[in-house]
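Have the sequence and the 3D view ready.

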Amino acid sequence: MLLDTISGIGALARRMDSTLGTASDEAPAPTYYRPRTEVRASDSGFTLTVDVPGVRRDALEVKVESRSLSVRGLRSDGRTGWAARYTVPDGYDPEGIAARVEDGVLNIEVPRSDAHRPRLIEVR
């Protein structure tokens, strides 16, 4: 009985393929992944480091709107991509954000605002 059911499903799938076309006739859907990401804080701000092997510089987008930092990329195959959104915390300067990519690693520097940077107070 189980073999009859499996055989019937296979026959149904073949009929649907011949009527509708197979999935291989269509462009494959994009694939998404989550790259390894690390955040390092310092007195001057924080650095967001994202591993992006196989992603060209022109296929990366780093965008800041108000306190929202969006990062996205597309690998050189044109189909595998990722996107992430972060909130820039209070005390940091979204206008001072800088990004650079080198050897498959994207570094995004988010500086502290001057008013929130630690400073040494001279004792008199």
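In β6, Y32 has G81 as its bridge partner. This is a predicted model, in which local features need pLDDT of at least 70 and side-chain atom pairs count only at pLDDT 80 or more, while totals for chains, interfaces and linings use all residues. Residues are numbered from 1 along each chain as its sequence is written, and side-chain values use heavy atoms, leaving out hydrogens and water.

Strands here are DSSP runs of E with at least two residues, numbered from the N terminus. Two strands pair if DSSP finds at least two bridges between them. Here is how β6 pairs:

| Strand | Pairs with | Sense | Bridges |
|---|---|---|---|
| β1 (residues 31-32) | β6 | parallel | two |
| β5 (residues 68-75) | β6 | antiparallel | seven |

β5 and β6 form a hairpin with four residues between them, and G78 in the turn has a positive phi of about 75 degrees.

Now look at T80, which lies in strand β6 (residues 80-87). Is T80 buried or exposed? T80 is buried (under 20% relative accessible area, with a 1.4 Å probe and protein chains only), because its relative accessible area is 11%. Leaving aside residues up to four places away in sequence, T80 touches T31, Y33, G73, L74 and R75; contact means heavy atoms within 4.5 Å.

Finally, a word on confidence: pLDDT is the predictor's confidence in each residue, from 0 to 100. The protein chain has a mean pLDDT of 81, and 75% of its residues reach 70 or more. Over residues 1-6, the pLDDT is below 50.

Notes: Buried means under 20% relative accessible area, exposed over 50%, partly exposed in between (1.4 Å probe, protein chains only).
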